[in-house]
Amino acid sequence: MALISSSIQDVAALLQQNEIAAIPTETVYGLAGNAYNETALKKIFELKQRPFYNPLIVHIKSFKDLNLVATDIPTQAQLLATTFWPGPLTLVLKKQTHIPDLVTAGKDTVAVRVPNHPVTLSLLEQLEFPLAAPSANPYGSISPTKAAHVANYFTASPLTILEGGECSNGIESTIIGFENNQAVLYRLGSITIEAIENVIGPLLIKTQSEAIPTAPGMLSKHYAPRTTTIQSNNILESIHTNTTKRIGLLTFENRFEHESIVTQKVLSPNGDLAEAATLLYNALHELDQLDLDLIIAEKFPDHNLGRTINDRLERATKK
Ligand code: TXA
Ligand code: MG
């Protein structure tokens, strides 16, 4: 059984022994291990059942540590790091040679960020190595935004989960790399395209799925509930074509009435996209527990965090 712990020291001790532990971040919980140690890294892949071709994000405690992990940092990357760190922005940079191939899937780049969570920052302060951490869910499933989500996924494992409350952003970091001096968006995330373009100008968008994706979050089916899920521009119409089913609704601001609706999650009655993003995964986790026949998720406004939410819902609804 997984164990939820409030002791940063206990978790630090585990990580120092090359064990792995789940840690809180402002985005989602991560499954963390010593980024320099292959034994720990293998345990992450094994527990998550993640294919080795999908590289991990390295978490460091401050911008000052960036050169321990990466080199040849473009000016635009420095500007983004100083603007958004600690925070939900991951930069893909040329790696330092000592970063294990397991972290980077053999690439010459490494993904790195400074998480904005007091518990995990204080954990990183106690460690002499950075933490490699993918989201703390089995491969392809919905990311966890509280300790209980992680515990429910890994009931058969003696995993320790460091308690950090509910994730304040609730959706993964935005991933930016650089190709021929051009900033490239690999994954939509918690920091909007608009916010990034305000700092460094136009981004090249490369978030489509590929056979071997640049980023796992780019796989077309990902973030998926077990319950069949569809996304809809017209909720009432979608309900009317599925009236024989037990339906769970996931909407932005509006509530709908129909006898087929077993339960409904309205993410932000005031129409606040940041609030909706924070609550999205928890709502999907809860809907997925109810043995529904169908989850119908609304199509969100396609700008700012609405675009990130739509990206996750599209991937959740892929067959
Ligand atoms: O918010 C987050 O980013 C969370 C928390 C725990 O930090 N982590 C997370 O990790 O979402 P994960 O493993 O679920 O997603 C990591 C993403 C993947 O899409 C992976 O392909 C991409 O980072 N990535 C890692 N290294 C990369 C690299 N060298 N080049 C391109 N993409 C990379
Ligand atoms: Mg993930």
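The largest nonpolar core comprises 60 residues, and those with the most contacts inside it are Ala 22, Val 58, Val 112 and Ala 132. A nonpolar core is here a set of buried Ala, Val, Leu, Ile, Met, Phe, Trp, Tyr and Cys residues joined through C-beta atoms within 7 Å. A residue is termed buried if 20 or more other C-beta atoms lie within 10 Å of its own, exposed if 12 or fewer do, and partly exposed in between, with C-beta atoms placed from the backbone. A second, separate core of 28 residues includes Tyr 281, Ile 296, Phe 300 and Ile 309. The structure is a predicted model, in which local features need pLDDT of at least 70 and side-chain atom pairs count only at pLDDT 80 or more, whereas totals for chains, interfaces and linings use all residues. Residues are numbered from 1 along each chain as its sequence is written, while chains are lettered from A and ligands numbered from 1 in the order in which they are written.

Ala 22 is located in strand E2; helices (H or I, at least four residues) and strands (E, at least two) are DSSP runs numbered from the N terminus. Ala 22 counts as buried because it has 30 C-beta neighbours inside 10 Å. Excluding residues up to four places away in sequence, Ala 22 touches Tyr 29, Gly 30, Leu 31, Ala 136, Val 150, Leu 159, Ile 161 and Leu 162, a contact being a pair of C-beta atoms, placed from the backbone, within 7 Å.

Strand E2 (21-23) is among the elements against which the buried residues of helix H1 pack, together with strand E1 (3-5), strand E3 (30-34), helix H6 (118-126) and strand E9 (160-162). The buried residues in H1 (residues 8-16) include Ile 8, Val 11, Leu 14 and Leu 15. Viewed down the axis of H1, the buried residues fall within an arc of 125 degrees and therefore line one face of the helix; the arc is that of the directions from the helix axis to the C-beta atoms. H1 is followed by Asn 18, which has a positive phi near 65 degrees.

The unreviewed UniProt entry annotates residues 5-191 as "domain: YrdC-like"; such annotations may be inferred rather than shown by experiment. The end C-alpha atoms of this span lie 29 Å apart, and its content is 29% helix and 23% strand.

Strand E16 (294-298) is largely enclosed by the rest of the structure, because 4 of its 5 residues are buried. E13 and E16 run parallel and are joined by 4 bridges, strands being paired if DSSP finds at least two bridges between them. Within this pairing, Ile 296 in E16 is the bridge partner of Ile 230. Strand E14 (residues 247-251) also runs parallel to E16, with 4 bridges joining them, and Leu 250 stands opposite Ala 297 in E16. Ala 297 and Ala 22 are 275 residues apart in sequence and 29 Å apart in space, C-alpha to C-alpha.

Ser 232 lies in E13 and counts as buried because it has 20 C-beta neighbours inside 10 Å. Beyond four places in sequence, Ser 232 is in contact with Ser 238, Ile 296, Glu 298 and Lys 299.

Helix H11 (residues 304-317) has 14 residues and reaches 21 Å from its first C-alpha to its last, close to the 20 Å expected at 1.5 Å a residue, the expected span being 1.5 Å times one less than the number of residues. Its buried residues are Leu 305, Thr 308, Ile 309, Asp 311, Arg 312, Leu 313 and Ala 316. The buried residues of H11 pack against strand E13 (229-232), helix H10 (273-288) and strand E16.

Methods
Two residues are in contact if their C-beta atoms, placed from the backbone, lie within 7 Å.
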